[in-house]
Amino acid sequence: AKLQTRHAYMTLLWPNADLSLIVGQTWDVVSPLNPNTLNYSVLWDVGNTGYRRPQFRLTKNLPIAEKVSVKLEGAVVRTIGRTDLTNSETGEDEGFPTLQGRVGVSFPFVGPKPTVIGFSALHGREQYDLDATGRNEDFDSDGVFLDACIPVAKWLTLQGELFSGKNLDNYYGGIGQGVNTTTLREIDSEGGWVAASLGPWSKWAFNVGGGLDDVDVDDVADGARTRNACVFANAIYSWNKHVQAGLELSRWNTDYRGPGDADDTRVQTSFIYSF
């Protein structure tokens, strides 16, 4: 058995400058939101991008006007790659971190809480060794991302994200496909997700949403995934402040390059104890 480290980081704060530094492993700067689904994979490979990895992150908050502020975030993060033909790891071989940045704006809009809209981007590179003689190929990872969270009313919040880029499998884009190692070509993909959270009313809360990841069919081999889509709806009942139970229904569709498209209907339950 292996121990999985999800978050392990230290935060240094300079309150007078509204500045902070994070050192350690936590969420990516890019694509910071997750839908409220009961499924652990939270629409990864179905439009939701971003994960956790080691990083140095600097964050600066700038007040622009009354109730309007801008958050600037920049990070150097560990480049996670793939195993190449010499059985080495392409991110480690490159020897240079991936760069991530985000600009987020918080402002009053239609609801009781501020609306937040963010634009983020990343750039990284992997070194893929073709053989033991030293021949190699560089693969770029590039992506642009848009995120939005809009509290429409006390009982309704809308949120979602869009992305476009190449070689984003380690950010859960491209339906888990980053590079075609036969053609030595990065795989382009684009997609996103949108969800609505309703409630709570008494002890009940509800969520509905969907996601889509669309891969450039010319970049992948025959039989590879070209489109992944999902819609979901769930109901969550809070017994008390520590215990929740939920029920979720979702519909999934996956297209392939060639025959063999697949559909699936999933019913999922959850029981969560928080402490």
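1. Buried means under 20% relative accessible area, exposed means over 50%, and partly exposed lies in between (1.4 Å probe, protein chains only). Asp131 counts as partly exposed at 23% relative accessibility. Arg135 counts as partly exposed at 49%.

2. A word on the basis. This is a predicted model: local features need pLDDT of at least 70, side-chain atom pairs count only at pLDDT 80 or more, and totals for chains, interfaces and linings use all residues. Residues are numbered from 1 along each chain as its sequence is written, and side-chain values use heavy atoms, with hydrogens and water left out.

3. Now the salt bridges. A salt bridge is a side-chain nitrogen of Lys or Arg within 4 Å of a carboxyl oxygen of Asp or Glu. The count comes to twelve. Arg135 and Asp131 form one, at 2.8 Å from N to O.

4. Which residue forms a salt bridge with Arg82? The partner is Asp169, with the closest N and O atoms 3.1 Å apart. Both sit in loops, so the pair ties together parts that are 87 residues apart in sequence. Arg82 is buried, at 15%. Asp169 is buried too, at 16%.

5. Next, the nonpolar cores. A nonpolar core is a set of buried Ala, Val, Leu, Ile, Met, Phe, Trp, Tyr and Cys residues joined through side-chain atoms within 4.5 Å. The largest has nine residues, including Val30, Leu122 and Phe145. Apart from it lies another core of eight residues, among them Leu33 and Trp193.

How values were computed:
Helices (H or I, at least four residues) and strands (E, at least two) are DSSP runs, numbered from the N terminus.
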